[in-house]
Amino acid sequence: MSAPSAQPAPTSPARPAGERTRHPLLRYLVRRLGVSALLIVGVTLVTFVLTNLVPGDTVAANLGQRAAEDPAIVAAYRAHYGLDRPLPAQYLTYLTNLLHGDLGESQQTHRAVLTDLRSAVPATLEIAIGAIVLSVLIGVGFGTIAAVRRGQLADSALRLVSLVGISLPTFWFALVAYYVLSFQLDLAPGSGRLSPATTPPPDITGLYTLDSLLSGQWQTYADAVAHLMLPTLVLTLYTVGLLTRFTRSAVLEVLEQDYVRSARAKGLPGHTVLLRYVLRAAMVPILTVVGLAFGALLSGTVLVEQIFSWPGLGSYAYQAASHLDLPGVMGVGLFVGIIYLLINLVVDLLYGAIDPRVRVS
Amino acid sequence: MTVAAVDSGGLRARFRTRIPRAWRTPLGITGAVVATLWILVAVLGPLLWPHNPLGQDFPRLQAPSGAHWFGTDELGRDVLSRVLAGARVTVPLALLLVGLSVVIGGILGLAAGFFGRWVDETVMRLTDLVMAFPTVILAMVVAASLGASLVNAVLAALVVSWPAYARVTRGLVVGIRGAEYVLADRLLGFSALRSLRMDIVPMVTGPVLILASLDIGTATLLLSGLSFLGLGAKPPTAEWGSMVGTAIAHFDAWWMGVFPGLAILTVVMAFNFLGDALRDALDPHTAGVLGQAETR
Amino acid sequence: MSRATLEITGLTLRISSAEILRGVDLSLAAGRIQGLAGESGSGKTMTGLAVLGLLPAGSQVTGSIAYGEQELLALSPRRRNDLRGAEIAMVFQDPSTSLHPMLSVGAQLTDHLRHHLKLDRAASRARAAELLGRVRIADPAAALRRYPHQFSGGQRQRIAIAIALACAPKVLIADEPTTALDVTVQAGVLHLLRDLATEMGLAVLLITHDLGVMSAVADRVAVMRRGEVVENGDRLQVFTEPAHPYTASLLASLPGAAGGVRTLDDVRALREGP
């Protein structure tokens, strides 16, 4: 501890000529991106190794039995996909192509993986973004209420709800929701992104909702939103459960802190204390959970998209995995890995924005 | 469930990880009861099944009735028997999965935390790599690569589950290894292994076990999810997840999917209730690793 | 003024069957520092919290806390909250935890200012800077933008005092204000409290277990033991001629006390006492 006469930490306006303290945020970002790049390479390596562990023959899986019995066709297939070269060479080729934005050709759909992803990803984004926004609003809200009303009925009820939420098998709930809400009660459509009769809006972003809004196609917009509802609902339930639980324990911990008591001692109204003092401090752990929740959401889409015939990343991942479509799987792995890393980066940056002690100095 | 303690006396503090009676809340007891029931169902197995779960003897796609409480499926099998039989698959496997994750993750985490430096770096980078993927997707890829089977599904789930334990264990160890009683024992001449065994492991076991108990539910969901996707149990094995998967094609026969799913739900809820009660009883606020002094 | 600013009479406190306070009588006068000494568990902190109305859930309070014409214990929670910070303020023991780590010093100084006194942004910032100057924080304008972790322990406590005094309250409860600070820093903070009390006509309740601190700045000294006030008198008199054997033993346990440690007979007598 400094002597009583010490100045507070100096941030003198006149910086020394040395460059080391310049733009600490930039340096941090660069360093993080560097680490992330390494991780991404690691991700590609992992997916490459995994997909080549395949005991099954991808050729047979994708050519069909009769074609697979013809050596000429098999040889041509293998040559086309570069499967006849040694593994390290294959990997290097993959990496170099990657740098050119070429993710290879799907062995299953016979289109460029990039094209496949380009149409699959927005579909998943539509339900994922909706789900995460809803989940955060509801989950953080519920968790805070439960913490503030600890021990009371509201708390017990919310805890129960969240426990059920995280215990639900997502795929089963999707089935039940589809059956009850769509099949029996016909409250919402449960298949695909649009009704069979509706043509998709012009492809601007790939998000049907946004694209139809931008093109003024209100009917299409309504149809797209209607189709979004069930998948989003199912995904939201699990994430709400998760967020409620973690928010509750985060807020409980903050409520015990001295600075909350100080805020009360100042005579601030209850809602000010809650929003300004409590939630702000609780935001740090809550952010971590939101990041995790997004990951859980992406996982959830694999299970949910099957049931709602949603042509998104989850379906694509599943198709690729079960058909041993190596480029397809690697494409998915790569993409998902990158998304996850990006989310972690954003979360870390948000930490810095919220908590000044964490800021790079 | 007392974890054997460090010997008392001398410089070593007396700590024990004891599960206090406070876990016996209504939720905790409900969880314990339901979990035990399901374990019994798994153990008693064939004694409880009204019919052969694999026997395709009955009329197909019958709604629930007096003869078949849960109806029959598309191949004429009794759904109730299959649901009960499913307990023998899912419950033990989930427990096995968690057990293995704890052991593998725990050992790696202990090593990383205790020995530090390159061991620590390697293990942490490895966990980073695995945790760079959402769990189901990675598990799915691994399971697909290995070929669809229950064993492979467990292996795939193991691959995605161990990192969490490694990280937690490492964190705990790093927190303890500077503690005075540990240092004192090293000064007394304890070897690294002995120090690990006597000083560190007992303190780490408690929190890790709580984490594990909370994780059984997640393990169950992961395994049944993989089976639902067709990457786990193969027909005709009666497994809850794959039963729900088959049910998609037979919409009208809602009983085919609803009951197995309910089974999963109740098992997971039971373990979550129980895990929650245990964790609350140990009260993380006061029971930081070094704060777990003998209570009650 | 002869009339007490705050008068505590017969205050009792029970927290789920445990008797914490058994009838406390204290009075605080403007411009004077009333010390409240005692060991841990004597109930001194609870007395302070009771005045603020910040007792834990499940507390049952009886007795009277009279602030001027108002009986605090009879006020509605809303009215009580209006008094907090504005007329009755508190400074807590550990400045590293009692200040919010993520809000700037300026924010923490001005939010209740604006709430109670309805000042606008510019006026509240000006007042905040002035307050920081008063508690002797260097470069107040820049300090407003900084965060608590960028200050030393002594500075943080001064900031906490500034926050407490922002709305010019009449009563200040200081709960162990220097206990968490380095010895070299304690004197500075104590003298600051002394000066501010005189300048602002504050009635101060100084709670501490440290008799040395007490002797430095308190005008009157009260000693608490097991939820009761066993002695309350002028500082000089209490320190030189304590009326109660407990006080005497407290004084005697100070290192270097004249007369050395008391005999076991006296300790035994204490134990068997009332």
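Predicted model: local features only at pLDDT ≥ 70, side-chain atom pairs only at ≥ 80, totals over all residues.
**Chains A and B**

- Chain A contains 14 helices and zero strands, and 47% of its 361 residues count as buried.
- Chain B contains nine helices and zero strands, and of its 296 residues 55% count as buried.
- Read from the N terminus, the elements of chain B follow the order α-α-α-α-α-α-α-α-α.

- The largest cavity is lined by 18 residues, of which A:Ser262, A:Lys266, C:Met90, C:Ala160 and C:Ile163 are the closest to its centre.
- At least two lining residues each are supplied by α11 (258–265) of chain A and by β6 (88–91), α4 (105–117) and α7 (153–165) of chain C.
- The largest share of this lining, four residues, is contributed by α11(A).

**Salt bridges in chain A**

- Over all chains, the count of salt bridges comes to 22.
- A:Arg193 and A:Glu126 form one such salt bridge, in which the closest N and O atoms are 2.8 Å apart.
- This pair links distant parts of the chain, since A:Arg193 sits in the loop between α8 (170–184) and α9 (208–214) of chain A, while A:Glu126 belongs to helix α6 (residues 113–148) of chain A, 67 residues apart.
- Both partners, A:Arg193 and A:Glu126, are buried.
- A second salt bridge joins the side chains of A:Arg248 and A:Asp155, with an N to O distance of 2.9 Å.
- Here too distant parts of the chain are linked, with A:Arg248 in helix α10 (residues 218–255) of chain A and A:Asp155 in helix α7 (residues 153–167) of chain A, 93 residues apart.
- A:Arg248 has a relative accessible area of 11% and is therefore buried, and A:Asp155, with a relative accessible area of 3%, is likewise buried.

- In chain C, the side chains of C:Glu87 and C:Lys170 meet in a salt bridge at 3.8 Å, N to O.
- Because C:Glu87 lies in the loop between α2 (77–83) and β6 of chain C and C:Lys170 in the loop between α7 and β7 (171–175) of chain C, the pair ties together parts that are 83 residues apart in sequence.
- C:Glu87 counts as partly exposed at 26% relative accessibility, and C:Lys170 also counts as partly exposed, at 43%.
- In chain B, salt bridges that share partners connect B:Glu121, B:Arg125, B:Asp128 and B:Arg167 into one network.

**Nonpolar surface patch on chain B**

- A nonpolar patch on the surface is formed by B:Ile29, B:Val33, B:Leu37, B:Ile39, B:Leu40, B:Val43, B:Leu44, B:Leu47, B:Leu48 and B:Leu95, which together have about 860 Å² of accessible area.
- Helix α1 (residues 26–44) of chain B provides the largest share of the patch, seven residues.
- B:Leu44 is found in helix α1 of chain B and counts as partly exposed because its relative accessibility is 33%.

Definitions and conventions. Residues numbered from 1 in each chain as written. Chains lettered and ligands numbered in written order. Heavy atoms only, no water. Patch = residues over 30% accessible without salt bridge, like charges linked within 9 Å, V, L, I, M, F, W, Y side chains within 5 Å. Areas by Shrake-Rupley, 256 points an atom, 1.4 Å probe, with all protein chains shown as cover. Salt bridge = Lys/Arg side-chain N within 4 Å of Asp/Glu carboxyl O. Buried < 20%, exposed > 50% of the residue type's maximum accessible area, 1.4 Å probe, protein only. 1 Å grid on protein atoms, 1.4 Å probe; cavity = no way out; pocket = protein on both sides within 12 Å on 5 of 7 lines; lining within 4 Å.
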